[in-house]
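I keep this notebook while reading a structure for the first time. The entries record what I looked up, in the order I did it.

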Amino acid sequence: MRKSLITAVVTASLFTLAACGNEDDTGTAGGHNEADVTFAQEMIPHHQQAIEMADLAESRAESQEVKDLATDIEAAQGPEIETLTGWLESWGEDVPDEGMSGMDHGDMSSDDMGGMMTADEMADLDAASGAEFDQIFLTMMIEHHEGAIEMAKTEQSEGEFPEALDMAKEIETTQAEEIQTMQNLLKS
């Protein structure tokens, strides 16, 4: 009788542990809110535009430092777009179209996707080359990064999906460092 009781207690404990483990896994996958969805849906086109800007630097920038920075931006933000897309798909939410990055966001409120360049600003960057490109690129990318940092701060204060919170913190840290680099390049 005593052996049966011990076996029953051990078995029940194992089932409880297994259930807790499964609950945590489900909680991580499903534990998101509207702020997490908004963060992912807005950061995708925001990152896509930064990559468009960075792509131009390869053939138009004069400074090797600007070219290197552009490469770093692409290397960081491309994989983040894939991750954000994966989250939205797993949550059953809409994924922004690739074409959104080139949209004119000049009429958007400052609360939405801050730092997005208008079609005219993108055309000005596209038309520039050499030192002029470097100046325009750095000025625009600082503004662009400042917008991303604001979006990341909003996610950190309102979101709940752990991986999104981690990404938001990383975006804030990385892009703040890049802003400092760009400000230094503008002064040099």
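**Entry 1: ground rules.** The model is predicted, so I noted the limits: local features need pLDDT of at least 70, side-chain atom pairs count only at pLDDT 80 or more, and totals for chains, interfaces and linings use all residues. Residues are numbered from 1 along each chain as its sequence is written, and side-chain values use heavy atoms, with hydrogens and water left out.

**Entry 2: the whole chain.** I looked up the helices and strands, which are DSSP runs numbered from the N terminus (helices are H or I, at least four residues; strands are E, at least two). The protein chain has 6 helices and 0 strands. Along the sequence the pattern reads α-α-α-α-α-α.

Next I checked burial. Buried means under 20% relative accessible area, exposed over 50%, and partly exposed in between, with a 1.4 Å probe and protein chains only. Of the 188 residues in the protein chain, 39% are buried. I also looked up the accessible surface (Shrake-Rupley method, 1.4 Å probe; for residues, only the protein chains shown count as cover). It comes to about 10,400 Å² for the protein chain, and carbon and sulfur atoms hold 51% of that.

Then I turned to contacts, meaning heavy atoms within 4.5 Å. Among contacts in the protein chain with a separation of 6 or more, 77% are between residues 24 or more positions apart.

**Entry 3: two helices.** I compared span with expectation, where the expected span is 1.5 Å times one less than the number of residues. α2 has 27 residues and reaches 39 Å from first C-alpha to last, close to the expected 39 Å. Because 19 of its 27 residues are buried, α2 is largely enclosed by the rest of the structure. At the start of α2, a side-chain oxygen of N33 comes within 3.1 Å of the backbone nitrogen of A35.

α6 has 26 residues and reaches 38 Å, close to the 38 Å expected. Its buried residues include A164, M167, Q175, E178 and L185. The cover over the buried residues of α6 includes α2, α3 and α5.

**Entry 4: the cores.** A nonpolar core is a set of buried Ala, Val, Leu, Ile, Met, Phe, Trp, Tyr and Cys residues joined through side-chain atoms within 4.5 Å. Which members of the largest core touch the most other members? I found M53, F133 and F137, out of 24 residues. At least two residues of this core come from each of α2 (34-60), α3 (64-91), α4 (119-127), α5 (130-158) and α6 (162-187). α5 gives the largest share, 7 residues.

A second, separate core has 19 residues, including I81, W91, M151 and A164. Going back to M53, I listed what it touches beyond four places in sequence: M117, M122, L125, F133, F137, M140, M141 and H144.

**Entry 5: aromatic rings.** A pair of rings is described by the distance of the centres and the angle of the planes. Rings of Phe, Tyr and Trp (its six-membered ring) pair if their centres lie within 6.5 Å; planes under 30 degrees apart are stacked, over 60 edge-to-face, and the rest tilted. By this rule I have 4 aromatic pairs. The W87 and F161 rings have centres 5.4 Å apart and planes at 75 degrees, so the pair is edge-to-face. W87 is in helix α3 and F161 in the loop between α5 and α6, 74 residues apart, so to speak distant parts of the chain. W87 and F161 are both buried. Ring pairs link W87, W91 and F161 into a cluster.

F133 and F137 make a stacked pair, 5.6 Å centre to centre with 20 degrees between the planes. Both lie in helix α5, 4 residues apart, about one turn of the helix. An α-helix has 3.6 residues a turn, so residues three or four places apart point the same way. F133 counts as buried at 0% relative accessibility, and F137 is buried with a relative accessible area of 0%.

**Entry 6: H144.** Is H144 buried or exposed? H144 counts as buried, at 1% relative accessibility. Its place is in helix α5. Leaving aside neighbours within four places in sequence, H144 is in contact with H46, Q49, A50, M53, G114, G115, M116 and M117.

**Entry 7: P96.** Where is P96 found? I located P96 in the loop between α3 and α4. P96 counts as buried, at 14% relative accessibility. Its C-alpha atom is 9.2 Å from that of A40, which is 56 residues away along the chain. Beyond its neighbours within four places in sequence, P96 is in contact with Q41, I44, P45 and L88.

Definitions and conventions. A polar contact is a pair of N or O atoms within 3.5 Å; within protein, one must be able to donate a hydrogen and the other to accept it, and residues adjacent in sequence count only if both atoms are side-chain atoms.
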